[in-house]
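Here are some questions and answers for a reader new to this structure.

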Amino acid sequence: MRWRGRIERVLALARGRRLDRELEAEVEAHLEMAERDARKAGLSAEEAQWAARRRFGGIEQMKEEHRDRRSVRWIETGARDFRIAVRTLGRAPSFVAVTALTLALGIGATAAVFSLIQGVLLTPPPYQDPEQLILIPSARTDGQQQESPRPWPAAQWMEWQREAKSVQSIAAYRWMFNFLILPDRVESFEAMAVTPEYFSVVGLEPALGRKFVASDTTPSAAPVLMIGYELWQRRFGGDPNILGQRVRVSREDAPLEIVGVMPPGVRFLPAPNVAQEPNYDVNALVDIWAPFSPGSDAAELKRPRWNVVGRLAPGVTPEQAQAELALLAERQAQADRDFAGFTPNVQSLTSEYNRDGERILLPLFGSAALVLLIACGNAAALLFLRGLGRQQEYAMRAALGVGRAGLFRQASTESLLLALAGGALGAGLAFGAVRAFQSIGGHAIPRLDAVTTGWPVLLFGLGLALIAATLAGLFPAWRASRLDPNEALKGAGPKSTVGRGERRLLRAVTMAQAALTLVLLAGAGLLIRTMINIANAPSGYDTSRILTMSVTSVQRSGADFHRRSLERVQALPGVQRAAYAWGVPLTGNNWPMRVIIEGQPVPVRASEATELPLRSVTPGYFEMLGLPLLEGRDFRSNDVDQAPPVAIVNQAFADRYFPNTEALGKKVWLRGPKEPHNTIVGVVANGRTDDLTRRATPEIYGSFWQYSAYSKHLLIRTEAEPLSMASAVQSALREVNPHAAVEHIKTFDQIRDDSLAGRTFAMRLLVGFSMVGCLLTLVGIYGVLSLSVASRRHEIAIRTAIGAERRDIRTLILSDGLRLIAGGVAAGLAGALAFSRVLRSFLYEVEPNDPATLIAVAMLFIGVALLACWAPTRRAIHVDPMKTLRCE
Amino acid sequence: MIIDMSKKDMSRQRTDVPYGTLDLLALKTLETMGEMNGYRIARRIEQVSGDALKLSQGAIYPALIRLEQEGWIRTKWGISETNRKVKFYSLTKAGRKQLETEVQKWEQANALVARFLEAAP
């Protein structure tokens, strides 16, 4: 029964006007009847009317009571406060615009970064219970870093599969790169070769068709594959009859049958052993899966070629699994020396998945939150100043009987409304910002393609608006409610001055803003320094005017294609030089090799082998990049397969392994001690090929004609703008081999920029954020100082009257402003020292507490902030003592 | 429901009849007298109580709207003795039951208080 009452009361909200009319009618009828009865009792008409009224009691009181009882009170008052707030704000459009825009800047920045976090970090990979999944890469038992983590032999993980109790299931996978041969084109794809149990381990069900079964991997089985949802949509138009169709893949003789389509959004699991492949992209969507099994050949079972993923048994932590697997691996190492030296290094899939994203997004989110705080400070000051102007209005209301709670509610409704407007506007800004991020941040943030703007971002923006309303609106609203109506009404006209206590509070807010701005500026400054340092870092080579593309002769035509295509491209007008290379700098591409070096001890165990990156280049490559040959000779076109193997090493190699002797003529073994050695024929200067921020480490170059690679880069030094040559080069390549796949056409400068994308992105965002923060804080300083001048008009007038010079007044106001700024800067420097550390991994040759940067940004800020003091100071020195003093 | 503490201080000062009691009186009136308009209900309560109750007649309307929303009374438009359109109130089945429980509670509370007052020191 009580429910009915509740529902009726809510409905009464909507019927308020009708119910009021009905009540009115009832009251009138009531009074008429009462009057009639009174007349009957012998009263005069006038007396009867009075008596009826008196007996009825207060009509308005009753009506209020009636409304109270029949409906949900707080909704009605809320709606009324809302209407009043809309009306009063409507009368101050510029105030609304400034405040809402201020909040929108803060909310927009925060919501934009949040939408990246939502898309990249908070959206789990599409596996079942992904937090149960673990990756099991290898680590060296002696704790040494591996150049390229060794994958596992099947013999080892198959035993774990059988024996480990802490892991309920294990699957193995490999990364593959290949070309899909379509009727009209050749397209590269990345693929996962997986053991049939992979799908049940990670918990993936095909959207269409079937998963792999054990029989798919027997030698006699018809070759099958599964395709990714995105490939299905992109290349097959989502054809519902895709199952059973056959596709041709390069280097496979028989066409493969498509037996299943995966759901959307499935990405690679990391395969660290192939991270140096030119086309490896762990964040890419998987296009193709192929079934594989280790087979039963004993030698094959011992070959380390598998990456391993497992699912923890219920209730087991990764640490427990680590302990058990390490024990198993140790036992295996004792039983077979080939397995010695490596131990599993269990990682939770989700933390591995989010590591890169967290590294860049969390600091940026923090910076955006600072912008929001600064914006809230300004909004609070604006609301406060507006409250000053309306003291009389509030006092009037208080005098008319609106309680403190009522005044508080009204003032906070206004700030809520403003914040919501700011939130909506901010969400709009965030949508735009996310678009911009996606266009500039592609290489900076993993899985950026998965970021969408939608309801979560809008809701987050509105949530921020609520927080902002509380932060910015609470104090002004509280102040409105504490107003003494007598005091306020005594003063004439709206006040533009405030007492000392309030001025001090506003100063504190502004100081806090200045401090936060300085923290942002310090971050931006450090990143700018980093970018300058990187630009000045001696890379050792010259990236300008070089066009790069990855070129693959998909149909096996080998060295012939490479020689002929080089000749053709080099003959093109506008081409200075061309070279093929595997291991172009800054692409992450090279060939990690176990190397035996003359004069160095031959390792006993596989895990102790010296691993060095091998790069394979055609003659002229060094000259094109501007890497000078220090000793010996360049590769020659007759350094071919049949000729004795040669090698060129870099300076770092020569310094490390032959510090006291000539490196030329020494021997290195790249394919094991039993194979023929390579003779070092040249020493080339060091180049920062891995990362511009890292010093060169020992590297080896092989002759491209001796170490040919399937997919490699073609580099062309052009006379004019490199990209203008792209189509000419492409058609030249097609003329040599119509099936050649030409992809990823970029300038070398672009490759360079991509390798710095994370830093560039962080720098741009922080510079943007700190500029917004600066602007808001300057407005805040300007406001506080203006208020201070207005409040001290009288004092200034008296000072002038008794002989103070303009200079004195200027000093008075400027020092006031300077104290404010200095306080903020001091607090900000302390904050910067505390917070800049989160940027450490982005910095290069500058410490997070770099004094030069901190001093520079502090001076910059003080300089700009003094500009904000200029107008109020001018106003102060132009105070006319006569006018001012007469006025008061 | 016996003593419904009204949240508004001002109205409590003006009416010496707590609303909860007024609810009970109105229900009882409707039970005894059948269908009536607001004025007649107020008058009836005044008459029955003699001059013991200081009731503003208007106070009956907030009480009636609540009883109606709870579904204990129903309204119907009719014509008053002064020839005006006016609401007539009557008890519903649920209202009858509510009255019973209210009366019961009232009596229990009364008995309890009485026992306290009569208790020997």
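A residue is called buried under 20% relative accessible area, exposed over 50%, and partly exposed in between. The model discussed here is predicted.

Q: Is Leu462(A) buried, partly exposed or exposed?
A: Leu462(A) is found in helix α15 of chain A. Its relative accessible area is 31%.

Q: Which helix gives the most residues to the nonpolar patch?
A: The patch is made by Leu416(A), Leu420(A), Trp455(A), Leu459(A), Leu462(A) and Leu466(A), and covers about 570 Å². Two helices of chain A, α14 (404-440) and α15 (455-481), each supply at least two of its residues. The most, 4 residues, come from α15(A).

Q: Where in chain A is Asp129(A), and what is its relative accessible area?
A: Asp129(A) has a positive phi, near 40 degrees, in a residue other than glycine. Its place is in the loop between α6 (93-120) and β1 (133-135) of chain A. Asp129(A) counts as partly exposed, because its value falls between the cut-offs of 20% and 50%. That relative accessible area is 36%.

Q: Is Leu586(A) buried or exposed?
A: Leu586(A) is not a glycine, yet its phi is positive, at about 70 degrees. Leu586(A) lies in the loop between β15 (575-582) and β16 (591-597) of chain A. Its relative accessibility is 8%. The cut-off for this class is under 20%, so Leu586(A) counts as buried.

Key. Residues numbered from 1 in each chain as written. Chains lettered and ligands numbered in written order. Predicted model: local features only at pLDDT ≥ 70, side-chain atom pairs only at ≥ 80, totals over all residues. Heavy atoms only, no water. Patch = residues over 30% accessible without salt bridge, like charges linked within 9 Å, V, L, I, M, F, W, Y side chains within 5 Å. Areas by Shrake-Rupley, 256 points an atom, 1.4 Å probe, with all protein chains shown as cover. Salt bridge = Lys/Arg side-chain N within 4 Å of Asp/Glu carboxyl O. Buried < 20%, exposed > 50% of the residue type's maximum accessible area, 1.4 Å probe, protein only.
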